[in-house]
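User: I'm new to this and would like to learn how to read a protein model. Could you walk me through it?

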Amino acid sequence: MLYREAGQFKTSYSADQQIFPILQDRYGYWVILAIFGVLVPMLASAYWLKAILIPVLIFSLAAIGLNILTGYAGQLSLGSAAFMAVGAFGAYNFRLRIDGLPFLVALILGGLAAAAVGVLFGLPSLRIKGFYLAVATLAAQFFIVWVLVKFPWFSNNASSGVITAQDVVILGYHFDGPQAKYVLTLAVVAALALAAKNLVRTATGRSWMAVRDMDVAAEVIGIRPMRAKLLAFAVSSFYCGVAGALYAYTYLGTVEPEGFNLDLSFRILFMIIIGGVGSIMGSFLGSAFIVLLPILLDNVVPAIFGNALGAGFASNLQLIVFGGLIIFFLIVEPHGLARLWQIGKEKLRLWPFPH
Amino acid sequence: MQFFFEVLIGGLLSGVLYSLVALGFVLIYKASGVFNFAQGAMVFFAALTFVGFQEVLPGWLGLEPGSAVVFWLAFVLALASMVVLGLLTERVVLRPLVNQPHITLFMATIGLTFLVEGIAQGIWGANVRGLDLGIVDEPIEWLMDRSGILVSKFDLFAAAAAGVLVTSLALFFQYTRIGRALRAVADDHQAALSIGIPLQHIWGIVWGVAGFVALVAGMIWGARNGVQFALTFTALKALPVLILGGFTSVPGAIVGGLIIGASEKLAEVYIGPMVGGGIESWFPYMLALAFLLVRPEGLFGERHIDRV
């Protein structure tokens, strides 16, 4: 009843091409942003902000990055964590080596460094596809972590490559409390997510989808697969890089190369599978799901079964539930939570009538 | 020069172990076109189940711990579990995903990896366990006296086991009725169906055989390094082996494994010190990557032709 576009007439081309064509969606976007940007930081506890909301946002950004590459351009990557590492260590080094470099500039430079590395490891995608490419990205995963551990220059000669992020200062304001860090993360993620949402419906985004669906056909209609694929690698790695820099600066504070391991890459892949392959919204849903699920399991399982099952059981259960969910979603709902969200919206448009 | 040969032989013998894991991949890929990322988890599951049965069987049946009866009973039970696991996978995961894109199936097997790892540790616990096959890991004296090259008896045994396994698999594929059906399915699913070969039946058998290969690989790896979670990483090392050898070729898996094993050890010894060591972790991937650019279908793989 409330969610219906009856009476909303589009009288100009720009109105027809808006990101959110339905008025309720436009208001909804601002309402959600206001809730998460103003109400949540005022009401949520420091634990919620630090341990749940900030990582959800950061992983959403990484998931958007992987989604651009895998969901839109169709190139499977198992190295997203390594590109996050490049972003984190890149931003750290830019701030360390260049005096007085503003934080946001360092963030972008970190992302660009990741993009450059991404293009380098994306080069094989011009010749190989599918799981061959997955193996190529595995090379990136192992090689980058090895480089960051073995060459102490990257971590300013710290032992085993551990870096401690510098203070986050923008225009003289110190972002040190969880509230401030949360708002900063939200601002960066919201801006980049909107940019991604826009990007995937431009000519570039459409060329990615054409390459994904059939590269030969895409070439025939005049899309250069090389350019499209490398651009997808660059943009995807940029997003992962910025996510990695935020991971270091606003989430953990202290990171080591080994923290960006294959497991993290898999987690990001799971986020887009569960959230929805080829959906920006899905990246957020999947990230929230994957971050919240272990916390939920940790709290619910002891409450039901008591402590009889031992500590190891919880982590095994987590593996089993993750694995099972991946298979379940691939079989039952390959488009993930985003598709469920969409079905919900379709139903809402008709409610309370059946047709 | 002597040192070079020692490293080379050590590398070749560890390459045999990679080949064993890669073999499981090739079997499943050939027959069903599924790239089974969970092969490493299956190796882990198999080794853990074998060791687990070895531990609990004496208590259940009142047998002497460490006796031959316990060994073979545990082997048979572990094999049965692997076959059941394979059949379940075929039924629950693959059958609903028939005709989906390869990449979907690949992601499903990544999910399967986590599932199998969780179940294995959930049942048997996550402790590192030793596995004793009754072969000591010491150099062969005869060879050491003659040429001064150290070659472990255990490695040689592993190589022999791999050789026997590959030969028997090749014979099985070549000369039995089921083997013929398997090759038919690998060639063309539809043609095989049309002459009355039951596809799902064949897939069940392939997963069972892959489970058997995983069990052998798991026992040898486990005896070498202990049965622990790190076993699952062997699967990752098997990926460059496959790329080098070609996804569809059994000899390719063997040759690829030998090349990867030898080159990674040689690179570690000769190039490693120049850049700070530890290059074993990524060298095989880079080698495979460089190889892909020259020959995307691998050494023995079938040339892939895109039909539009």
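User: Where is the place of A:Tyr72?

Analyst: Helices here are DSSP runs of H or I with at least four residues, strands are runs of E with at least two, and both are numbered from the N terminus. A:Tyr72 sits in helix α3 of chain A, residues 46-72. This is a predicted model, where local features need pLDDT of at least 70, side-chain atom pairs count only at pLDDT 80 or more, and totals for chains, interfaces and linings use all residues. Residues are numbered from 1 along each chain as its sequence is written, while chains are lettered from A and ligands numbered from 1 in the order in which they are written.

User: Is A:Tyr72 buried or exposed?

Analyst: You count C-beta atoms, placed from the backbone: 20 or more others within 10 Å means buried, 12 or fewer means exposed, and in between is partly exposed. A:Tyr72 has 27 other C-beta atoms within 10 Å, so A:Tyr72 is buried.

User: Which residues is A:Tyr72 in contact with, leaving aside neighbours within four places in sequence?

Analyst: A contact means that two C-beta atoms, placed from the backbone, lie within 7 Å. With those neighbours set aside, A:Tyr72 touches A:Asn67, A:Val200, A:Gly205, A:Trp208, A:Met209, A:Arg212, A:Ala232 and A:Gly278. Look at A:Ala210 too: it is 138 residues from A:Tyr72 along the chain, yet their C-alpha atoms are separated by 8.8 Å.

User: Now chain B. How many helices and strands does its secondary structure come to?

Analyst: Chain B has 13 helices and zero strands. Along the principal axes, its C-alpha atoms fill a box of roughly 60 × 60 × 35 Å. Of its 308 residues, 45% count as buried. And among chain B contacts between residues at least 6 apart in sequence, 75% join residues at least 24 apart.

User: At what angle do α1(B) and α2(B) pack?

Analyst: Under 35 degrees is roughly parallel, over 145 roughly antiparallel, 65 to 115 roughly perpendicular, and the rest oblique. Helix α1 (residues 2-32) of chain B and α2(B) pack at about 120°, with axes 10 Å apart, and are therefore oblique to each other. B:Val21, B:Gly24 and B:Phe25 of α1(B) meet B:Gln39, B:Gly40, B:Met42 and B:Val43 of α2(B).

User: And how do α2(B) and α4(B) cross?

Analyst: The axes of α2(B), residues 39-61, and α4(B), residues 102-124, come within 9 Å and cross at roughly 15°. That makes the two helices roughly parallel. Residues in this contact include B:Phe44 and B:Leu48 of α2(B) and B:Val116 and B:Trp124 of α4(B).

User: How many residues does the contact between the chains take from each?

Analyst: It takes 40 residues from chain B and 32 residues from chain A. On the chain B side, α4(B) gives the most, with 17 residues.

Definitions and conventions:
Axes fitted to C-alpha atoms, helices over the stretch in contact; angles between N-to-C directions.
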